[in-house]
Amino acid sequence: MLEAIAEALTIQVERDFAPAWGVTTARFTVGGRGDKIHVFDSAHQAGDYGWHIVDGHGLPYAHVFTDPSIAAGSDWITGPDAISVTASHEALEMLADPAANGYSFNGARLMWAREVCDAVQANTYRIVANGFRVPVSNFVLPAFFNPWADGPYDHLGVLDEAFSLAKGGYAVLERAHRTHERDARRFEVTFDDAMPEWQRRQKLEGWGRTYWRSVLNP
């Protein structure tokens, strides 16, 4: 099944994501070289479906945890929380923001983290790979991070405006201030009303990127 997921991610990046974002295409393989996506059945820090960050050399990598998906009634490629969707989510975000530190100004005193799947994370579509219909994550387009741009704002066309949330989506925000000012606490996280409370706790209390952005910027 991992081979089918890897092939689906390769197709998604080459066909859908790289042309939209102007990034270099990537081929995903099981046990291959390059930027890593590590898949775990469980781990003590697995408070989320997955996360991505950079190592001490500035190279991006991601962790994907299977337990949360299985506990929610999903598996590798079935269910609303399929593991393949998490893998897609993290892969695309590593390509869009390899340094894991990008923000965009929304024109209204807020900086949005350059996370290309968070705002539309509950929306998925399927790619046929190795005989399987593998679900992958929706993603926002460059226009999403431009408050004056016309749409479309995401691949599936579910968003009506830039810097907005689809049902079940969320975003990490930083309040913008004048350059000579410093707020004691600058970061906050906003969720769509449809996101369940337990998922919100995972984002805020787990060990993922959302958690660390808040902890490192109190």
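Which residues touch the most other members of the largest nonpolar core? Let's start there, everyone. Among the 41 residues of that core, the answer is V116, F139, V140 and F144. By nonpolar core I mean a set of buried Ala, Val, Leu, Ile, Met, Phe, Trp, Tyr and Cys residues joined through side-chain atoms within 4.5 Å. Buried stands for under 20% relative accessible area, exposed for over 50%, and partly exposed for what lies in between, using a 1.4 Å probe and protein chains only.

A quick word on the model. It is predicted, so to speak with care: local features need pLDDT of at least 70, side-chain atom pairs count only at pLDDT 80 or more, and totals for chains, interfaces and linings use all residues. Residues are numbered from 1 along each chain as its sequence is written, and side-chain values use heavy atoms, with hydrogens and water left out.

At least two of its residues come from each of helix 1 (2–21), helix 3 (83–96), strand 6 (124–129), strand 7 (132–137) and strand 8 (170–175). Helix 1 is the biggest giver, with 9 residues. These elements are DSSP runs numbered from the N terminus: helices are H or I with at least four residues, strands are E with at least two.

Have a look at F139. Leaving aside residues up to four places away in sequence, F139 touches Q12, D16, F17, A20, W21, L92, V116, C117, V120, Y125, D154 and H155, where contact means heavy atoms within 4.5 Å. There is also a second, separate core of 6 residues, and A113, V172, V189 and M195 are among them.

Now for the charges. How many salt bridges does a search of the whole structure find? It finds 2, counting a side-chain nitrogen of Lys or Arg within 4 Å of a carboxyl oxygen of Asp or Glu. One joins R27 and E7, at 3.3 Å from N to O. This pair links distant parts of the chain, 20 residues apart: R27 sits in the loop between helix 1 and strand 1 (36–40), and E7 in helix 1. R27 is exposed, at 54% relative accessibility, while E7 is partly exposed at 23%. The other joins R15 and D16, at 2.8 Å from N to O.

On to the strands. Strand 2 (residues 50–54) and strand 3 (residues 60–65) pair in the antiparallel sense over 5 bridges; pairing requires at least two DSSP bridges between the strands. W51 has H63 in strand 3 as its bridge partner. This hairpin has 5 residues between its strands, and G58 takes a positive phi near 80 degrees.

The peptide bond from G151 to P152 is cis, with omega near 5 degrees, and P152 lies in the loop between strand 7 and strand 8. F163 is in the loop between strand 7 and strand 8 too. Although not a glycine, F163 has a positive phi of about 50 degrees, and F163 is buried, with a relative accessible area of 10%. N130, also not a glycine, has a positive phi of about 55 degrees and is found in the loop between strand 6 and strand 7.
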